[in-house]
Amino acid sequence: MTHTARRIGRSLALVLPVVLVLSGTLAVSAVPWAGQDSDGQMLTASSADVSTRAKSRAPQDVLRDRLLAELQEKDPGVALTHLQREVENRPSLAEHCVSIARALGRAAVEHYGPSRAQAFSRPVCDTAYATGVMRATS
């Protein structure tokens with residue numbers, strides 16, 4: 001008799017927590033929460049309006065945005081100087097230098113016009129800034 005009782009006790013010890021957790025989860029998900037007027041709205045595990053975690057941005061994208069803002073606030077010469085310093089301080093950005101300088105050139109044409117933008121040209125990243133200015137005027 002004690003052997004059978006022990007076996008039943010072990011079975012219940014394994015099954016009961018699982019049943020309680022599942023029934024508790026289902027009960028909580030079926031309760032309409034206070035203060036909500038919509039009928040039939042229930043808490044679900046996945047919701048369409050849940051905010052997603054922002055993706056981390058690449059260092060070159062952060063630098064590009066910062067330099068473009070600096071170009072608007074000050075002038076392209078300051079932004080190009082800071083681009084050169086950043087590439088010297090962080091060599092991993094060197095492969096992105098050309099694309100960033102071209103973006104600065106295009107933005108300078110939009111903000112200052114082609115002739116004034118060209119006046120800020122410097123030999124940063126193999127004259128990529130000048131190339132950006134030229135392509136923006138074409």
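In this predicted model, in which local features need pLDDT of at least 70, side-chain atom pairs count only at pLDDT 80 or more and totals for chains, interfaces and linings use all residues, a disulfide joins Cys97 to Cys125 with an S to S distance of 1.3 Å, a disulfide being a pair of cysteine sulfur atoms within 2.5 Å. Residues are numbered from 1 along each chain as its sequence is written, and side-chain values use heavy atoms, with hydrogens and water left out. The count comes to 1 disulfide, and the pair links distant parts of the chain, with Cys97 in helix H4 and Cys125 in the loop between H5 and H6, 28 residues apart. Helices are DSSP runs (H or I, at least four residues), numbered from the N terminus. Cys97 counts as buried at 4% relative accessibility, as does Cys125 at 16%, where buried means under 20% relative accessible area, exposed over 50% and partly exposed in between (1.4 Å probe, protein chains only).

By the criterion that ring centres of Phe, Tyr and Trp (its six-membered ring) lie within 6.5 Å, with planes under 30 degrees apart counted as stacked, over 60 as edge-to-face and the rest as tilted, the count comes to 1 aromatic pair. The rings of Tyr112 and Phe120 have their centres 5.5 Å apart and their planes at 50°, so the pair is tilted; Tyr112 and Phe120 are buried.

In helix H6 (residues 128-137), the buried residues are Ala128, Tyr129, Ala130, Thr131, Gly132 and Val133. Their cover, with contact taken as heavy atoms within 4.5 Å, includes helix H3 (76-89), helix H4 (97-112) and helix H5 (114-119).

How values were computed. Helices (H or I, at least four residues) and strands (E, at least two) are DSSP runs, numbered from the N terminus.
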